[in-house]
Amino acid sequence: MGWWYWHLYDKTWLSDIDEGFIKVKPDDPKDTVKINGEVVTADNHYMKDLKLDKGKNRVEIEVQDSSTQSESKYTVYIF
């Protein structure tokens with residue numbers, strides 16, 4: 001996987017954050033990227049909007065390598 005980052009939309013205070021997005025860009029544009037089971041592509045800039053609940057939020061990232069057909073899985077926890 002190339003790189004990823006997440007961003008929270010800050011409404012006023014840290015305790016009030018309920019939306020954000022995560023962006024994942026693969027090393028090879030032919031790789032398949034899924035965020036929480038939904039395929040993201042270059043058309044949507046490898047980005048997915050997130051609704052956040054108070055407490056623990058879990059984001060699953062899966063990357064299918066197009067050349068080796070191997071799959072990598074990552075989990076991001078947002079508290």
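Reply: We can start with Lys48, which counts as buried at 17% relative accessibility. Bear in mind that this is a predicted model.

Me: Why does 17% count as buried for Lys48?
Reply: Because buried means under 20% relative accessible area, and Lys48 has 17%.

Me: Ok. Which strand is Lys48 in?
Reply: Lys48 is found in strand β5.

Me: And what does Lys48 touch, leaving out residues up to four places away in sequence?
Reply: The list is Gly20, Phe21, Ile22, Ile35, Asn36, Glu38 and Val40.

Me: Glu38 is on that list. What kind of polar contact does Lys48 make with Glu38?
Reply: One from side chain to side chain, at 3.2 Å. The pair also meets in a salt bridge, with 3.2 Å from N to O.

Me: Is Glu38 buried, exposed or partly exposed?
Reply: Glu38 counts as partly exposed, at 41% relative accessibility.

Me: How many salt bridges are there in total?
Reply: The count comes to four salt bridges. One of them joins the side chains of Glu19 and Lys51, at 2.8 Å from N to O. Glu19 sits in strand β2, residues 19-25, and Lys51 in strand β5, so this pair links parts that are 32 residues apart in sequence.

Me: How exposed are those two, Glu19 and Lys51?
Reply: Glu19 is partly exposed, with a relative accessible area of 26%. Lys51 is exposed, with 64%.

Me: Which residue does Lys73 form a salt bridge with?
Reply: Lys73 pairs with Glu71, and their closest N and O atoms are 3.8 Å apart.

Me: Why does 3.8 Å still pass for that pair?
Reply: Because a salt bridge needs the side-chain nitrogen within 4 Å of the carboxyl oxygen, and the closest N and O atoms of Lys73 and Glu71 are 3.8 Å apart.

Me: Are those two buried or exposed, Lys73 and Glu71?
Reply: Lys73 is exposed, at a relative accessible area of 57%. Glu71 is partly exposed, at 42%.

Me: Back to strand β5. Where does Asp49 sit?
Reply: Asp49 also has its place in strand β5, which covers residues 47-51.

Me: How far is Asp49 from Glu19?
Reply: In sequence, Asp49 and Glu19 are 30 residues apart. In space they are 7.4 Å apart, C-alpha to C-alpha.

Me: Let me zoom out. How many helices and strands does the protein chain have?
Reply: The protein chain has zero helices and seven strands. From the N terminus on, its elements run β-β-β-β-β-β-β.

Me: What share of the protein chain counts as buried?
Reply: Of its 79 residues, 28% count as buried.

Me: Last one. What share of the contacts joins residues at least 24 apart, among those between residues at least 6 apart in sequence?
Reply: In the protein chain that share is 41%.

Conventions:
Residues are numbered from 1 along each chain as its sequence is written. This is a predicted model: local features need pLDDT of at least 70, side-chain atom pairs count only at pLDDT 80 or more; totals for chains, interfaces and linings use all residues. Side-chain values use heavy atoms; hydrogens and water are left out. Helices (H or I, at least four residues) and strands (E, at least two) are DSSP runs, numbered from the N terminus. A polar contact is a pair of N or O atoms within 3.5 Å; within protein, one must be able to donate a hydrogen and the other to accept it, and residues adjacent in sequence count only if both atoms are side-chain atoms. Contact means heavy atoms within 4.5 Å. Buried means under 20% relative accessible area, exposed over 50%, partly exposed in between (1.4 Å probe, protein chains only).
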